[in-house]
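Welcome! Take a moment to turn the model around on your screen before reading on. We will walk through it together, one topic at a time.

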Amino acid sequence: TQLANNGVQQLRPYQPGKPVEELQRELGLRDVVKLASNENPLGPSHRALEAARRSLDQIHLYPDGAGFELKHALADNLGVSSDRITLGNGSNDVLELVARAYLQPGDEAVFSEYAFAIYPLVTLGCSAKPVSVDSHLYGHDLAAMADAITERTRVVFLANPNNPTGTWFNDQALDNFLARVPERVIVVLDEAYFEYVEESHYPDGLKRLDRYPNLVVTRTFSKIHGLAGLRVGYAVSHPQIADVLNRVRQPFNVNIPALAAAQAALGDLDHIENSKGENTAGLVQLAEGLDALGFTQIPSVANFIAFDCGGDAETVYQGLLREGVIVRPLGGYGLPNHLRVTAGTARDNERFLQALKQVTCR
Ligand code: PMP
């Protein structure tokens, strides 16, 4: 690592969820349930799948490097002009584009304690300084984050809802925060779980773009649209920021099946509705089940719940693995007693709750 830049030398590898096949092999067990990566338990929309399949006879060609059709479909769908959109290989990619375009060594990027792991990763990747701000009740302490902004701050990352905690902040809190941020600082508002949230005071970042030219809203096709494996996400921002992001973007960062599937997914309102309904039911089932087993949970509006195991979560995590259930330990997020479980189908949630009972009530 010594030849890598200063920031990269401090980076620890991102830990993805354990692959299903790996556990199947370890246990010699077919029936493994994975609720570790906040994927859509209903899978993709059939229309998206069909569009991806149809696109396969084009894969000897480069994709449309400008993503013309998907960008226009998104622009129509979101009610914004297409020159505000930047497409990414997952929204992780657009988060990295922001870092690469705006952060230099010595600059600071501010985010909340327990924030999504990619923010420090992309910050250190540019040898900029990650500034983690103590959070309030696992969420964002937006006042403290505004206080943490200095002359050197170039980017602030907010996630609403937050991953891994599932917490959210309301419209008033967001507006108070945005009003305090100098215009030279880019505010990334990561709305990966936007479509799941039902709270009436949950703010829509897109409605604030006109008021705050330094705002970058990111969203993804990985969650409600069930296309995590194809890797498509996007940013919506002021056209000048989109122009900058599009300059650092690799021209073919979104592939042909991904472009086709994402465009079709936007039109499949039934799948979106069903996914939302399944998630709401799953969250209730998990919350009630965890309650009944006596676990304290962090109330979540996303598609997962983090809960306190009341002691070292690693032991419970390992016990669940032996029962064929994969969840996410949050030690890497500074929450060594917490596990995060994705809302799955009713059957998978039940399987998880039974396994948890087995593991913790012996
Ligand atoms: N932001 C947040 C808060 C997330 O939880 C995730 C997915 N885990 C992402 C961004 C990135 O998702 P993707 O790259 O699949 O769009």
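At roughly what angle do the axes of helix α12 (residues 313–322) and helix α13 (residues 346–360) cross? They cross at roughly 120 degrees, and the axes come within 9 Å. Here axes are lines fitted to C-alpha atoms, for helices over the stretch in contact, and angles run from 0 to 180 degrees between N-to-C directions. That angle makes α12 oblique to α13: angles under 35 degrees count as roughly parallel, over 145 as roughly antiparallel, 65 to 115 as roughly perpendicular and the rest as oblique. Helices (H or I, at least four residues) and strands (E, at least two) are DSSP runs, numbered from the N terminus.

α12 passes α13 in a right-handed crossing. A crossing is left-handed if the near helix is turned anticlockwise from the far one by less than a right angle, and right-handed if clockwise. On the α12 side, Val316, Gly319 and Leu320 meet Ala355, Leu356, Val359 and Thr360 of α13; two residues are in contact if their C-beta atoms, placed from the backbone, lie within 7 Å. This contact has 5 nonpolar, 2 polar and no charged residues. In this scheme Ala, Val, Leu, Ile, Met, Phe, Trp, Tyr, Cys and Pro count as nonpolar, Asp, Glu, Lys and Arg as charged, and the others, Gly among them, as polar.

## How to read this model

Keep in mind that this is a predicted model: local features need pLDDT of at least 70, side-chain atom pairs count only at pLDDT 80 or more, and totals for chains, interfaces and linings use all residues. Residues are numbered from 1 along each chain as its sequence is written.

## Two partners of helix α10

Now find helix α10 (residues 256–267), which packs with helix α3 (residues 46–55) at an angle of about 150 degrees, their axes 7 Å apart. The two helices are therefore roughly antiparallel to each other, and their crossing is right-handed. Among the residues in this contact are Arg47, Ala48 and Ala51 of α3, and Ile256, Pro257 and Ala260 of α10. By class, the contact of α3 with α10 has 9 nonpolar, 3 polar and 2 charged residues.

Helix α4 (residues 68–78) also meets α10: the axes come within 9 Å and cross at roughly 20 degrees. α4 and α10 are therefore roughly parallel to each other, and α4 passes α10 in a left-handed crossing. Glu69, Leu70, Ala73, Leu74 and Asn77 of α4 meet Leu259, Ala262, Gln263 and Leu266 of α10. This contact divides into 6 nonpolar, 2 polar and 1 charged.

## Two domains

Step back and look at the whole chain, which is divided into domain 1 (6–43 + 270–360) and domain 2 (46–267), with bounds that come from an automatic or database domain assignment. The C-alpha centres of the two domains lie 24 Å apart. Their contact takes 30 residues from domain 1 and 27 residues from domain 2.

On the side of domain 1 that touches domain 2, α1 (6–9), α11 (269–292) and β10 (304–308) each supply at least two residues. α11 gives the most, with 4 residues. That side of domain 1 divides into 14 nonpolar, 12 polar and 4 charged residues.

## Around the ligand

Which residues come nearest to the ligand? Of the 13 residues around the ligand, these are Gly90, Ser91, Asn163, Thr220 and Ser222; a residue is near a molecule or strand if its C-beta atom, placed from the backbone, lies within 6 Å of it. The shell holds 4 nonpolar, 8 polar and 1 charged.

## Backbone exceptions

Most residues other than glycine have a negative phi, and most peptide bonds are trans. Asn38, in the loop between β1 (33–34) and α3, has a positive phi of about 55 degrees although it is not a glycine.

A cis peptide bond joins Asn160 and Pro161, with omega about 0 degrees. Another cis peptide bond joins Asn163 and Pro164, with omega about 20 degrees. Pro161 sits in the loop between β5 (153–159) and α8 (171–180), and Pro164 lies in the loop between β5 and α8 as well.
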